[in-house]
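Good morning, and thank you for coming. Please look at the structure on the screen while I speak.

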Amino acid sequence: MSSRFAALKGVEDILPPDSYLRQFIEDKARSVFGSYGFGEIKTPIIEHTDLFLRSIGETSDIVSKEMYTFTDKGGRSITLRPEGTASVVRAYVEHSLAMRPSPQKFYYMGPMFRYERPQKGRQRQFYQIGVEAFGVAEARMDAEVILMLMLHLDRIGLEDLSLELNSIGCGECRPAFKEALRDFFAPKLPELCPDCQRRFETNPLRILDCKVERCIEIRKDAPLVTDYLCGNCRSHFDSLLKLLGVMGVKYTLNPHMVRGLDYYTRTTFEVTTENLGAQKAVAAGGRYDGLVEEFGGPATPAIGFAMGVERLAALLKDKAAPPITDFFVASLGEEAATQALKLASGLRAEGIRGELGYGGSLKSQLRKAGKLGARFAIIIGEDELKSGLLKWKDLKKGESGEVPLAGARKLFA
RNA sequence: GUGGGCGUAGCUCAAUGGCGGAGCACUGGACUGUGGCUCCAGGGGUUGUGGGUUCGAGUCCCAUCGCCCACCCCA
């Protein structure tokens with residue numbers, strides 16, 4: 001408690017057994033995403049600040065007040081990535097990946113940084129697992145990405161989630177919708193909460209998911225984005241809904257779901273839970289058909305999502321299980337201790353997991369074996385050295401017996 | 001950035017303004033070489049930090065830092 005140093009506000013150490021849960025989530029992601037043909041991409045966690053200004057949008061809260069930005073020794077403005085998509089798109093353009101067979105599909109996992117007040121399910125350094133698929137505009141790709149997300153969430157054992165869907169249109173149809181929204185709210189402006197009055201200027205779409213009761217009431221008859229979609233966006237969305245229906249995916253249409261990041265187009269989706277306090281979204285994503293071009297690449301449709309690992313882990317908290325310890329070698333005496341080391345090393349080389357006892361009486365060593373949850377305790381003392389027969393005990397079943405030193409591995413057959 | 005709650009042992013928490021404690025956990029012993037149950041013992045603390053009030057502060061006051069929760073926003 002009174003340690004000389006402490007971790008910074010909003011960042012944390014992830015220790016066993018929590019780290020095992022993180023590994024479990026990541027392992028399942030690698031497996032599921034791999035089966036869909038996605039390959040891992042590792043991008044730097046620092047980028048030129050401009051990258052995020054361009055992609056996320058200068059008026060967004062992330063950019064205006066939540067970025068970890070500093071000047072490096074060369075005088076460059078550097079920012080710790082607040083999200084993953086911008087870097088992947090930069091890499092896609094920088095390495096001319098449009099020249100590779102389409103689609104190009106990537107996943108990433110790692111820390112993101114946002115300077116915010118921490119609360120439940122929200123840290124300043126937090127981990128995301130995300131995917132991005134480039135080059136296909138067809139709604140079938142939207143369906144694939146959503147199916148992949150749902151499969152992963154299912155594989156890690158998450159339940160009671162709901163998938164919310166929306167389409168926020170494209171550069172063609174969204175301006176008209178924003179106009180309609182402004183026209184609708186303008187006469188009611190004085191009745192809106194102060195936050196919404198600000199949103200009216202910065203991002204009127206945000207008024208649609210305000211939590212203030214009065215605002216919810218006022219917006220009851222507000223125009224719906226889905227009524228303003230252009231023909232192409234409309235049919236894209238309809239195709240997606242049809243495909244999800246065919247695939248048996250349950251979803252809820254939420255015309256009030258809005259994205260905080262400027263680059264989204266058409267399909268947006270969120271997977272939410274009621275078990276995380278105010279932080280309901282465990283994963284969120286959508287299309288961003290204009291971003292590659294914005295970054296100087298060829299016009300390339302793309303879609304992706306990101307999951308919040310802390311939020312997934314919080315929902316699975318009880319399921320963190322350390323790996324099984326197969327054996328524990330207790331030894332008595334110097335020569336036996338050396339033999340124990342040789343025995344354990346041989347077993348480990350065969351992929352069998354185990355540990356050595358260090359010092360203390362046989363009793364205290366066995367006590368430790370029990371605490372570790374080891375399957376077998378193996379005992380080496382002077383008697384065993386003389387006879388060449390090891391004593392073993394199955395700590396789960398309580399059975400015990402002897403085995404020749406050279407045949408110890410047969411215990412684990 | 002705004003608002004509320006909370007900081008005492010590794011953890012969960014007691015202690016009227018008057019000698020800082022318990023349970024769990026950890027280490028060892030009882031049982032010289034056989035875990036879990038039981039009993040005993042031991043190690044562990046500048047009471048988050050810095051000021052102030054007081055004969056005396058874990059307790060009251062101020063500041064600060066941190067944690068938790070909510071808002072903003074978001075994964």
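Predicted model: local features only at pLDDT ≥ 70, side-chain atom pairs only at ≥ 80, totals over all residues.

Chain A is divided into domain 1 (18–171 + 229–319), domain 2 (174–219) and domain 3 (327–412). Between the C-alpha centres of domain 2 and domain 3 there are 70 Å.

Lys42 is exposed, with 68% relative accessibility, whereas Glu40 is partly exposed at 30%.

Another salt bridge pairs Asp195 with Arg198, with the closest N and O atoms 3.5 Å apart. These two residues are separated by about one helical turn, because Asp195 and Arg198 are three residues apart in helix H7 (residues 194–202).

In a further salt bridge, the side chains of Glu350 and Arg409 meet at 2.8 Å, N to O. Glu350 lies in the loop between helix H12 (334–349) and strand S13 (354–356), and Arg409 in the segment after strand S16 (400–404), so the pair ties together parts that are 59 residues apart in sequence. There is also a network: salt bridges with shared partners join Glu12, Arg22 and Glu310.

Lys363, Arg367, Lys368 and Lys371 form a positive patch. Of these residues, Lys368 is found in helix H13 (residues 362–372) and is partly exposed, at 48% relative accessible area.

Which residues make the nonpolar surface patch of about 240 Å²? They are Ile45, Ile46 and Phe70. Ile45 sits in the loop between strand S1 (39–40) and strand S2 (46–48), and Ile45 is partly exposed, with a relative accessible area of 35%.

Definitions and conventions
Residues numbered from 1 in each chain as written. Chains lettered and ligands numbered in written order. Heavy atoms only, no water. Patch = residues over 30% accessible without salt bridge, like charges linked within 9 Å, V, L, I, M, F, W, Y side chains within 5 Å. Areas by Shrake-Rupley, 256 points an atom, 1.4 Å probe, with all protein chains shown as cover. Salt bridge = Lys/Arg side-chain N within 4 Å of Asp/Glu carboxyl O. Lys, Arg positive; Asp, Glu negative; His and termini not counted. Charge placed at Lys NZ, Arg CZ, Asp CG, Glu CD. Helix = DSSP H or I, 4+ residues; strand = E, 2+ residues; numbered from the N terminus. Buried < 20%, exposed > 50% of the residue type's maximum accessible area, 1.4 Å probe, protein only. Domains from an automatic or database assignment.
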